[in-house]
Amino acid sequence: MASSLGMQSSPSRTASFLKPSSSLSRCCSRQTSLSFNGARTRISSTNTIKCDISEPLNFGNGKPTIPVLNDQTLPKFLESARVDKTVNRNDTRLKLFSGTANPALSQEIAWYMGLELGKINIKRFADGEIYVQLQESVRGCDVFLLQPTCPQANENLMELLIMIDACRRASAKNITAVIPYFGYARADRKTQGRESIAAKLVANLITEAGANRILACDLHSGQSMGYFDIPVDHVYGQPVILDYLASKTICFSDLVVVSPDVGGVARARAFAKKLSDAPLAIVDKRRHGHNVAEVMNLIGDVKGKVAVMVDDMIDTAGTIAKGAALLHEEGAREVYACCTHAVFSPPAIERLSSGLFQEVIITNTIPVAEKNYFPQLTVLSVANLLGETIWRVHDDCSVSSIFQ
């Protein structure tokens, strides 16, 4: 079901202002060498198998995704001491299946893990109903279903539920729903009377469908993990973005990390800590309605500095665009926007490409249509991060050590 994705090189050097990671990565005897050519880093690895791309994709006028190599090449935050346990990469008890929401990311994950995506037939009937049939046996297998519930959220959620049900009825031993972007996560509490808490409802649906475990990336709020009655492995896209920022020729003394709202202060503070305890600023805003935000004032000093705005997602970009405008008014030299999930609901593209941002850095947890690329956009891949996490879950190894 998944299609091949063309990749080009992108910088991944470690700058002085980024603290080195102490995380463990998968056992590997191959040597990785770095050779610098101008502003780019080339990664070469002995006996490493690169992705075979039959036809290069046109990324429009935006910047392409960071390359993903098959086999053992790891991003910076995974390059450290290796675990002693050697993993059997030919383990036939581990199965990966992709939904239709983000097949390109699923294929990248499979490439990193050195596995083939499982054969699955997913189609829509004329009336819109979804049909799912596994085309290979999963009896007694550890199955991972790769499907973000991104727009169209309801379609992709229902597809995930039916995939889980198909695996359960096919006697899979364990079913893990790998959800790079968890839709409905913002509906995690009641802010007014007579509102639903849709995040809890969706958690119940996934659990009742037959999932045994959830692997999610950058949930909107930590309490969403508690809505599931099954184990949740929560990973962060932060190391991928930090690894990319490390390639920038920015002096750490010029950096200031900015939270676009009060609710994201904890996220921004954790991000700033990784940038040698960079100073923190907060944009104070008041929301008058869903997808409508108004900037009030700025807490902190950004004059003459490079401001890095950090959020978990960008939807209509109203919050982050108004925040960037305020930062420029307060004297910021440059403004970078960083987020894990690029929902990009209209008019996000117009706001982000208006010249307010030096660069907009996102990940590929949600596929970005080619028509939505613009010159300031940089897309980073979380395939290595998710692939490594899947191996660790399958091998009953620690997941949290990736981020230490």
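Residues are numbered from 1 along each chain as its sequence is written. In this predicted model local features need pLDDT of at least 70, side-chain atom pairs count only at pLDDT 80 or more, totals for chains, interfaces and linings use all residues, and side-chain values use heavy atoms, with hydrogens and water left out.

**Exercise 1.** Determine how the axes of H1 and H8 are arranged, and which residues meet.

*Solution.* Two packed helices are described by the angle between their axes and the distance between the axes. Helices (H or I, at least four residues) and strands (E, at least two) are DSSP runs, numbered from the N terminus. Axes are lines fitted to C-alpha atoms, for helices over the stretch in contact, and angles run from 0 to 180 degrees between N-to-C directions.

Step 1: the axes of H1 (residues 103-113) and H8 (residues 383-394) come within 8 Å and cross at roughly 60 degrees.

Step 2: H1 and H8 are therefore oblique to each other, given that angles under 35 degrees count as roughly parallel, over 145 as roughly antiparallel, 65 to 115 as roughly perpendicular and the rest as oblique.

Step 3: with contact meaning heavy atoms within 4.5 Å, Leu105, Glu108, Ile109, Tyr112 and Met113 of H1 meet Ala383, Asn384, Leu386, Gly387, Glu388, Ile390 and Trp391 of H8.

**Exercise 2.** Describe the packing of H2 against H3 in the same terms.

*Solution.* Step 1: the axes of H2 (residues 153-169) and H3 (residues 198-209) come within 8 Å, crossing at roughly 25 degrees.

Step 1: H2 and H3 are therefore roughly parallel to each other.

Step 2: H2 contributes Leu157, Leu160, Leu161, Ile164, Asp165 and Arg168 to the contact, while H3 contributes Val202, Leu205, Ile206 and Ala209.

**Exercise 3.** Locate two cis peptide bonds and two residues other than glycine with positive phi.

*Solution.* Most residues other than glycine have a negative phi, and most peptide bonds are trans.

Step 1: the bond from Pro151 to Gln152 is cis, with omega near -5 degrees, and Gln152 is found in the loop between strand E6 (142-146) and H2.

Step 2: Pro346 and Pro347 are joined by a cis peptide bond with omega about 5 degrees, and Pro347 is in the loop between strand E14 (334-342) and helix H7 (348-352).

Step 3: Ser171 has a positive phi of about 70 degrees, is placed in the loop between H2 and strand E7 (174-179), and is partly exposed at a relative accessible area of 32%.

Step 4: Ala317, with phi near 70 degrees, lies in the loop between strand E13 (306-314) and helix H6 (318-329), and counts as buried at 5% relative accessibility. Not counting residues up to four places away in sequence, Ala317 touches Ala348, Arg351 and Leu352.

Technical notes
Buried means under 20% relative accessible area, exposed over 50%, partly exposed in between (1.4 Å probe, protein chains only).
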